[in-house]
Amino acid sequence: MKIWGRLQQKFVQVPSTSKEAITDALLGQWQVKSDNDGTKLNGIHVQKNTCNYLVPDATKRLTLQDSKATLTSKFPAWQIPVDSAADSLGFFAKQHQQMLVKQSTWQDWANLSPLVPEIASAIQIEPLEKIIKDAIPHLEEICHRPRSYLKMETEKLPVARVQRIAPHAIAYLTSHTEDWECKTFRGIRPKNVLSLVREELLDIYENRVTVRLIDHVLVYLRQRIRDVEKLKNELEQVLNFSEVSQSIHWRNRERICHLWGENFDAAPQLKVAEVTLDFLKLIKQKLLTLTDTDLYKAIPRSAEVEGTLRNTNILIGDRHYREIAKLWREWSKWRSKRSKTAQQLFDFYQQTINGFDAFCFLLCSKVLMKTDRDRGFGYSSDSALPERGQLYSLQQDSHKESETLNFRWLDDGSIQLESEKLGILKFIPLVAQLAESPDEQTSEQILKLLESLVDQADSPQHRTIILYFGTAQDLSQISPKFQRFFNTIGNDLLSSDLNSSSKSDRKLALLPVSPFDILSTERVARAIQWWIYSQKYSAYPIKNGLESRLPDELLRKLQQSGAMRQSSQNNQLLVMRPLSPDDRMIFNSNLHSMIKREEAKGNSSRGEVVKLRQLKNLPENIDREFESLLTCPTCQAKYSATGFDISFENIGNDCFTAHCQHKQCGTNWGLQRCGQCQTNYPYIKLGGANPEISDRSVGWCDRVFGRDVLAVTCFADNSLQFYICSNCGSCGNSSQSSSYYCQRC
Ligand SMILES: [Zn+2]
Ligand SMILES: [Zn+2]
């Protein structure tokens, strides 16, 4: 057998000795590829030449064996999605399989909603929960006035406390002088006497059933409350987005509302979720009070009750206990529906992880492709729905070969985007719920582990982003110190001390995504936005390779006007801006007269004339090279030399600023120089009023702007003027850079 490490994207060494423990297991990290028939995972026979995820068994353990080695490990419970969440993920794998069978197109897939399926039924009160509520008065009655078993015990008591004398008390007293108070002339006055004591025993079978039932139901309720709370959060998020509020940019709001569906009203759903939640919390509270009763405390923790109840007289005859037996049976029915054989559990986890992969593939498809409601990144494809291990291509409207994006859903479930110009962007889905890590130490360990495994080649041409299963809400539970490291595309890692040059060396890109979080799509979109546009903008100034071809006379003119300059390092010719109408006029007339002059020289300068004629297209060539810098990243308005929609300016330091005046747009974008490290970083600033951002918790950028961001705005700054340098992580409003800004205005 071979083990594929998805994080490393290669096969990892399998220890050859037996009983070797795999350390630091993250769920979804490993797959086993079996090359013989004898491989077993958690006792389940793994078919030859298939690829399976290493998953936990019912005890959260992992056992992998073949004839040569046995590997074991344990998955911490917090990493593993709970059943209801796993079901939601599994839905996406099922959906993908069904659509493959139906021969759906990729476009159909991209139109699928990335939100929790069947949310409306998941927020209703379940029949079992109504039965629980009906049983509560009976549970209360039993806990306060339980049946008990009466036992008579013989005990030696001081005379004053004796109620009933034991039958052999006199005989005992005569032989025990130490229990005499004194001797009188009539006989003995006793100090202690053997007496009969009634003892009430609560630990009887029927009470054990009651108490264990309370425990089981509490476990059930806690999980259900968490589930409904998550759904309620998602609904609240949607409502926030659909209300016209000052704190969210309208572009992002529109996208999110489209995602949710225009005809869907979240408000009544939210009401339902709230009612259900109140209902569940109330019965949970009532049950919790019962854990404080004498009856509850009288039953030992270890006292188990087997699933099928014995029919005792009390359980049949007592009107309260009868109801308890009824609830017990309902609860076991529910539980047996959920309980799985080893094989079922194995299939369930495979389906869960495959489902998360499919969910991430859906997010990427949605973001890249033009759908009915959203432009995405403008790609389209008439291809069939992608399967793993195949290469697909996505085209831009322009149908230019160079703009084609290759899309691979790799065999291991990772998603790879690649293009000639942009290099490779890889998304690795990891189903482990990293934001559920129980403490700081664990969070730190996870980051260190990922940093050591994931290839972080510090090149914009090759980026890897881990998508883990989680929501912004989950993230807010972990230590604030680590939150931002768990939601970043690796370009906003603000150094801890603003005034020092201490640099955070964490560049790991890690994003939470979940069908429970409506912003998941925007996070993935922001990552792709950064991959595409940061590279396009950083190509400024344009290196044209003209230096050998442009005659000095023409070059001088273009340099004088500021359209071109020669690099001081290697004499490379840099184009600083597209040619203005004036530039064009001067260029064309100069070129024209030069050609005329050469032609007059006759045959001898024929070669020269051909060379000069080739330069005729130069202004248009330059326009083409500037096209990606000059197309508005939000509304896609295009520059034209005669139009006024887009303005472009070289602002020195090899930086530029561009502005879109298209209706309703007003977007600014460009390259700015960091005052701290003197590198240039790209930014996009949306037009319109600045949103009033009250909530600056990690991930605020996704909420306010969504994908329409490159460098992230500084946390500390309310004017939204300054950015976090994507190279060194310092905030642009340090003293040096503010002087730079002043030069600008
Ligand atoms: Zn625009
Ligand atoms: Zn910097």
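Modeller: Let's begin with what gets counted: helices are DSSP runs of H or I with at least four residues, strands are runs of E with at least two, and both are numbered from the N terminus. On that basis the chain comes to 22 helices and 26 strands. This is a predicted model, where local features need pLDDT of at least 70 and side-chain atom pairs count only at pLDDT 80 or more, while totals for chains, interfaces and linings use all residues. Residues are numbered from 1 along each chain as its sequence is written, and chains are lettered from A and ligands numbered from 1 in the order in which they are written.

Colleague: Why is F587 called buried?

Modeller: F587, in helix α18 (residues 581-600), has 20 C-beta neighbours inside 10 Å, so it counts as buried. Leaving out residues up to four places away in sequence, F587 touches L554, K557, L558, L579 and P619; touching needs C-beta atoms, placed from the backbone, within 7 Å.

Colleague: What makes L630 buried?

Modeller: L630 has 22 C-beta neighbours inside 10 Å, so it counts as buried. L630 is found in helix α20 (residues 618-630), and with residues up to four places away set aside, it touches P578, Y639, I646, F648 and A658.

Colleague: Why are K60 and Q678 called partly exposed?

Modeller: K60 has 16 other C-beta atoms within 10 Å, so it is partly exposed. Q678 has 14, so it is partly exposed as well. K60 sits in the loop between β7 (51-53) and β8 (61-65), and its phi is near 70°, a positive value in a residue other than glycine. Q678 is in the loop between β25 (668-673) and β26 (680-685), with a positive phi of about 60° although it is not a glycine.

Colleague: Which peptide bond is cis?

Modeller: The one from Y540 to P541, with omega near -10°. P541 is placed in the loop between α16 (520-538) and β20 (542-543).

Colleague: On to helix packing. What makes α1 roughly perpendicular to α12?

Modeller: Axes are lines fitted to C-alpha atoms, for helices over the stretch in contact, and angles run from 0 to 180 degrees between N-to-C directions. Under 35 degrees is roughly parallel, over 145 roughly antiparallel, 65 to 115 roughly perpendicular, and the rest oblique. Helix α1 (residues 83-101) and helix α12 (residues 342-368) pack at about 70°, with axes 6 Å apart. That makes α1 roughly perpendicular to α12. Residues in the contact include F91 and F92 from α1 and F356 and F359 from α12. By class, the contact divides into ten nonpolar, six polar and no charged residues; Ala, Val, Leu, Ile, Met, Phe, Trp, Tyr, Cys and Pro count as nonpolar, Asp, Glu, Lys and Arg as charged, and the others, Gly among them, as polar.

Colleague: Why is α6 called oblique to α7?

Modeller: The axes of α6 (residues 205-242) and α7 (residues 250-260) come within 9 Å and cross at roughly 130°. That makes α6 oblique to α7. V238, F241 and S242 of α6 make the contact with R253, I256, C257 and W260 of α7. Those are five nonpolar, one polar and one charged residues.

Colleague: What makes α6 roughly antiparallel to α8?

Modeller: α6 and helix α8 (residues 266-290) pack at about 155°, with axes 9 Å apart. That makes α6 roughly antiparallel to α8. The contact divides into 19 nonpolar, three polar and seven charged residues.

Conventions. Two residues are in contact if their C-beta atoms, placed from the backbone, lie within 7 Å. A residue is buried if 20 or more other C-beta atoms lie within 10 Å of its own, exposed if 12 or fewer, and partly exposed in between; C-beta atoms are placed from the backbone.
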